[in-house]
Amino acid sequence: MKLGHGVSIAALTVAMLGSGAQAQTSGTGNGVDILSGFGRIWIPGRTYDTGSPTALGGPLLLRNIQIVAERARERTLAQEIAAYYDDRRNQSYSVIDGLGPLTQAYLVGSGATTTIPAFDATTARVQYVDQGTGAGVTTSPLGKVVQLVNTFRTNASTTAAKDAYSYLRPWRQSLNGQSLGFVVPPSLVPEKSPNPASDGGFPSGHTNAAYLSALALAYAVPQRFQELLTRASELGDDRIEAGMHSPTDVIGGRVLATYFAIRALNDPANAALLGEAFAQAQSYLSQACGGPLERCAHAPVDPATDRFSDYARNKAAYTARLTYGLPPVGPTDQAPVVPAGAEALLATRFPYLTAAQRRDVIATTELPSGGFLDNGMGYDRINLFAAADGYGAFNGTVTVTLDAAKGGFSAYDVWRNDIGGAGSLVKLGSGALVLTGANTYAGGTTIGGGTLVGHAGAFGTGAILDNAALVVDQSVDGTMANAIAGSGTLAKTNSGALTLTGISTLTGATAVEAGQLVVNGSLANSLVTVRQGAGLGGSGTVGGIRVLAGGTVAPGNSIGTLTVAGNVAFAAGSTYGVEANAAGQADKIAATGTATLSGGTVDVRAASGAYNPRTTYTILSAAGGVSGQFAGVTANLAFLSPGLRYRTDAVDLTLTRNDVPFAASATSRNGAAAANAVQAAGPSRLTDAAVAFTTSEAGSAFRALSGDIHAGTVSTAYETAFFVREAVLDRLRWGSAGTGLDYGTLPAADTADLPGRPPLVANVPVQVLDPQVFGLWGQGFGSFGTADGGGNAFDLDRQIAGFAAGSDLRLGRGLRVGVVGGYTEAYLDSAGRVGGTSRAESATLKSGFGGVYGGYELGPLSLRLGAVYADTDTRTRRAVLYGLSDTLSGHGGGYTVQGFGEIGWAIALGTPAVAAPLSKDGGAVAVQPAASFVEPFVGGAYVGIRRGAFAETGGAAALASLARDYDLGAATVGVRAQTSLDLGLSLPVTLRGLVGYRRAFGDVVPTALLHFGTGPAFLSAGVPIDRDALVAQVGLDLAVAPNASLGVAYTGQTGSRAQDQAVKGNFTLRF
């Protein structure tokens, strides 16, 4: 019995009752029954527009349409163009670019063409129809392949299913009451069918045709199996992008194509064609590319030449498109179901597997049950991309025979899946099989022939019986616990370290081809050969060691013993790496057989520690005797010399204190001074640590010990004094922001005007008494800067912040006097110190200051003077590693005193502006905008800095210092300028700037006199102060009231070694 549109009762029954474990086949041949699971979510109506979702399918179909709408809203022009081409071109032509590097050869050999023109504005008006040859011409050199594609597509239409299920295309539906007509882009509007009754959406015909074409090509060219499948899935996805289909339509098209492809592959009438098409494709394309297809088919990952060259991207895209995230509608734990004949899909992909094994591959890689199309037949659960990567589980013994003589996949294959299960793997034949997954199968692995390749986690959890060749290809570090038995060979390849922890009885040879092999278990019956560029280590047991030129043996995992149940041989050019420590422990090879030394180098890597003047270690013992010698010995310690002593059954290493002075390894003047001080101090923990400095770290270590941060605080104190000095001078330089009535213009009329005539008012320059003679002001500043140590001291980063507040009184005849006080805080640290830790030296300087200042103006001449005293609290912190791991802190006092002066000559520019009225106490007060002028000036300053005595605490590297004074001076010459601006604020605005050259003199390279404990003193120089620097300032002041102003400014100074940038904010209040 049939319902409307031809859906059989049997099919719907299967859909509603769920799947069984048996393979199913279609009863109709047109594919309608294959999709009968759709009946669980959709009930077709008697007309095209009367169908409705089931209660189970409602949420799923809602999400189905939401996906289409979301994609349409996010669609880019590039996506529209791709969707247009995949809509208009013949699907057999479209999927050809899944052949990647073989595409051009196929197009030439098949005669495949398309007539769809380039995407342009006409696509929105004209319905272009592809009149090309699709997959090609059957009379071409690849005619059999073309015929195979056509055969797959013959009698494989979706029309019957579309008619049966009558599910509307997305653009005919609505979402939340809104029509979805917008989901079709303008370029595809001409393709909208005007006949909805015959234009169903489910399943997608384009998707069905694309998969059929791709599967036919994948049969003929299995080297591009997954790439072709990905291309087909992309074309299906473009149907959603085009707004022509929904995810359920596309999934239905793929499932139906799978059924039609299986039918074609198992049709006896196609048997000869299948063989001919495969042979033709392999022959023609290999000749065209000039080599085996296995190599030609896969170019390096390069989307420019092969859009599908990225395996991970392909897998992610294909997997997502299998379900589009639509939820299951049935139980998800049902047993696998493989349709009858489905194994034929993998016939050329796995020619070395039996039909039953290929069915197992499909079964162990398929999707979970419960999908909306799951009707028990299994077509919807097939995941061919995953199946092309081999087994997903071993549920029994899987025997694989590869034959190198047959070539292709029979000679070499890669299984990428993560293989689970309780079964085992038996590898036979002369070919090679590669396992790349994180495999957990538990039944063990047997290698009876050829080569099995994998990484540490590729061989499951069971034992390995190796009677042929086992290759562990380890690109990253990994551990392998499997026990290895048998008479075969073991090879370690690639750059990673492989750690073996199993107790193995393998009797065949082991070769370390690259990277490092660490034996912490046992390979007691296997001779290990270490080749050029490779290494052997660990604390387990091996059956013998043969180290070739360029190879290295380094026992242990740090310091340890590698046991050899046999002989040891070092060739010329080999290396024996030995770690040693001050406690008398060192790496060792302990052999039961002989040791043959034909040269090679012993490379000693000694750890930090307090070494005795002479320490002896046994690094090689051989019960069967030692013959020959190493060619030499090297060590990483700067002040301990290595030596070798040969005995009849052992080789000893001695580390002896040499006569190289500590300072010989210093790389800076500070470092040399500290090195001499350490050496002169005599035996101590610090001296012991220095003796253990390696050659590479000695220079940085002595530099770190020198404590230049203490002298570096002087440089920072000097820069801090600059900002305090500038705050006072800013007050004196930039005039007052009061009424401005001392100088300027006032409106006036001539008293000689005749009576009865209106007076002529003019602005007349005049000087009057300014009643606002007392001022309060403040300035806050914050700076950041860097200072170059010049290769001696460590470079410093520093931040300085603070504020100054003052009050002054304007006396008669241009004289002003005032007082100032404030607080500053400076932080400095080493900028990424080499060795030790980053920011390993730091200091904080906190200062409170007070001072007096004054200024005198006589016409254009200005004199400005000031003196400031600052009391400073200094705290330092240093981290010194290099075998000490000391964290040292210091605390000291001190002060900074400075006197400064400046003289300038103002040159007026232009005519003074008219006074502007500002509101005050309900009335208007005239405020004179700032006059425009430039002022050349010269200035000088003396800065005296005292650093009090201190003593660090925290370890053997602690330093102490006596008090020390530093005298510095600065001379500055420059020019400053100011002018008024009209910014439309109805408030006077002043723009001001300054640029000058500063010359520093005196103790510009500050030094600290330091000593370790009771040892001799040494000088450590800090970051130098630039002798020459450019100073600059630019700022704005705004008169917010007749007696108040606010301002902001940038100031900076830049020299060849140091740069400081600052932002300042200020206020002034007059009354």
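Before the details, a word on conventions: because the model is predicted, local features need pLDDT of at least 70 and side-chain atom pairs count only at pLDDT 80 or more, while totals for chains, interfaces and linings use all residues. Residues are numbered from 1 along each chain as its sequence is written, and side-chain values use heavy atoms, with hydrogens and water left out.

Let me start with the domains, whose bounds come from an automatic or database domain assignment. The chain is divided into domain 1 (35-333), domain 2 (400-494), domain 3 (521-659), domain 4 (662-702) and domain 5, which is made of 707-736, 773-913 and 926-1070. The centres of domain 3 and domain 4, taken over C-alpha atoms, are separated by 29 Å. Their contact, meaning heavy atoms within 4.5 Å, takes 13 residues from domain 3 and 13 residues from domain 4. Buried area here is the accessible area, with a 1.4 Å probe, that two parts lose on being put together, summed over both; between domain 3 and domain 4 it is about 910 Å², of which carbon and sulfur atoms give 59%.

Now the interior. A nonpolar core is a set of buried Ala, Val, Leu, Ile, Met, Phe, Trp, Tyr and Cys residues joined through side-chain atoms within 4.5 Å, where buried means under 20% relative accessible area, exposed over 50%, and partly exposed in between, with a 1.4 Å probe and protein chains only. The largest such core has 207 residues, and those with the most contacts inside it are Y106, F152, W415, L425, L435 and L705. Its largest share, 11 residues, comes from helix α10 (residues 247-265); helices (H or I, at least four residues) and strands (E, at least two) are DSSP runs, numbered from the N terminus. Apart from that core lies another, of 44 residues, among them Y718, V820, Y853 and I945.

N670 counts as buried because its relative accessibility is 2%, and a polar atom of its side chain lies 2.8 Å from the backbone oxygen of A1021.

Finally, the backbone. Most residues other than glycine have a negative phi, and most peptide bonds are trans. The peptide bond from F202 to P203, however, is cis, with omega near -5 degrees, and P203 is found in the loop between β4 (178-179) and α8 (205-220). N155, although not a glycine, has a positive phi of about 55 degrees; this residue sits in the loop between α6 (143-153) and α7 (159-165) and, at 64% relative accessibility, counts as exposed.

Technical notes:
Polar contact = N/O pair within 3.5 Å; in protein donor to acceptor, adjacent residues only side chain to side chain.
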